[in-house]
Amino acid sequence: MKILVTGAKGFIGQNLIAELRNRDYRDICAFDVDTDIALLDDYCKDCEFVFNLAGVNRPKDEAEFMEGNFGFATTLMETLRKYNNTCPIMNASSIQAALDNPYGRSKKAGEDALYAYGQETGSKIYIYRFPNVFGKWCRPNYNSAVATFCHNIAHDLPIKVNDRSVVMNLVYIDDVVNELIQAMEGHPHINLDGYCFVPTVHTITLGEIVTLIYSFKESRKNKSVPCMLEGSFEKKLYSTYLSYLPTDQFAYPLDMHVDERGNFTEILRTVDRGQFSVNVSKPGIEKGNHWHHTKNEKFVVVSGKALIQFRKLNTDEIIEYHVDGDNIQVVDIPTGYTHNIINEGDTDLITFMWCNECFDPNRPDTYYEKVKRDAHE
């Protein structure tokens, strides 16, 4: 399929083209404001689907709204008509097309012209009135509050929020792109008014968005992880925030607890899935020799050789597991068993550890008892 994408260098255009290529659509004609206009003829001659994402939303003069949003749509249709090309057209409009302002009127004029073209030629027309779209590669300090907040907070710059109670309806770029490709493949979502729509819309206040973004910034210090439920707004916003990190700040330090035995470093803390850590033991070192009531763990040796020993309280039998980084496996640490981990190799032993709860010094649920009891015990 030969696909024409106008506004190809814009926020939606970049994401759409990237995903089309991911899905093995290779014949993509990318057209933008700096593309030689003569190429539009070549592209319109035999393209099989048009994504019209071109538009103006921040002109120096209001007259540019009509020229950029209605005028280009007209040029596009005239070029397609010249070659009797009645391929389907998807058009990016806005919820502001229902409002009486210069931007809204220009978007509505473009919609009307496309619908008239469709009735005349039989071409299928898919009009999407997008609400606020957010995600990676959106230009900050332009026309997206989410992009501006993410960029400025990530770069320690101030933000301005006039009214935290303002309610916003947002769609995530991946959901938008998925819907547009579905439309191209003949399966758009269409409402009773005949407009196409992205089915997943997130409704949230401006203040809640700002609070979340600041919490993402703080998460590097408190090692917390945002909600990662599939489809959640928080998950999508966190992915968006990370895309605005300064390029010299992708890495950040952790607190390493170092002694003569090696070191222990906590990596992440979650609200309801415990904490993740890495433990390094020097050759011959034994760590542990404690047990838990409710706390439980999983040990994964990723490098080196280890002996993990268990003894159920009030019994004498010692259970042993020899594990190493060449045959990675998970060892569960059940409750009620005192346990240790011994470095049996001649190199550092590196163990990834998960615990079902984050460490609380006031309620550690960790009780010392050696696995190998002394003879007099």
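Predicted model: local features only at pLDDT ≥ 70, side-chain atom pairs only at ≥ 80, totals over all residues.
Residues are numbered from 1 along each chain as its sequence is written, and side-chain values rest on heavy atoms, without hydrogens and water.

Helices and strands are DSSP runs numbered from the N terminus (H or I, at least four residues, for helices; E, at least two, for strands). Strand β6 (residues 132–134) pairs with strand β7 (residues 167–172) in the parallel sense over 3 bridges, pairing being assigned where DSSP finds at least two bridges between two strands. Within this pair, Phe134 lies opposite Tyr172 of β7. From β6 the chain passes through α5 to β7 in a right-handed β-α-β crossover (clockwise from the first strand over the helix to the second, with the strands pointing away from the viewer). On β7, Val167 has Thr205 of β8 as its bridge partner; β7 and β8 (residues 202–205) are antiparallel and share 4 bridges.

Helix α5 (residues 145–154) also packs on helix α7 (residues 206–222), at an angle of about 30° and with the axes 10 Å apart. Axes are lines fitted to C-alpha atoms, for helices over the stretch in contact, and angles between N-to-C directions run from 0 to 180 degrees. The two helices, α5 and α7, are therefore roughly parallel (angles under 35 degrees). The crossing of α5 over α7 is right-handed, that is, the near helix is turned clockwise from the far one by less than a right angle. Contacts (heavy atoms within 4.5 Å) involve Phe149 and Ile153 among others in α5, and residues including Ile213 and Lys217 in α7. The contact of α5 with α7 comprises 11 nonpolar, no polar and 1 charged residues.

Helices α1 (residues 11–22) and α6 (residues 173–184) cross at roughly 60°, their axes coming within 10 Å. This crossing of α1 and α6 is right-handed as well. Among the residues in contact are Phe11, Asn15 and Glu19 of α1 and Val176, Leu180 and Met184 of α6. By class, 10 nonpolar, 1 polar and 1 charged residues form the contact of α1 with α6.

An open sheet of 5 strands is ordered β15-β14-β17-β12-β19, with antiparallel pairing. Strands β15 (319–324) and β19 (367–368) are at the edges with a single partner strand each, so one side of each has no neighbour in the sheet. Strands β14 (residues 305–312) and β17 (residues 337–343) run antiparallel and are joined by 7 bridges; Arg311 is positioned opposite Thr338 of β17.

Definitions and conventions. Parallel < 35°, antiparallel > 145°, perpendicular 65-115°, else oblique. Nonpolar A, V, L, I, M, F, W, Y, C, P; charged D, E, K, R; others polar.
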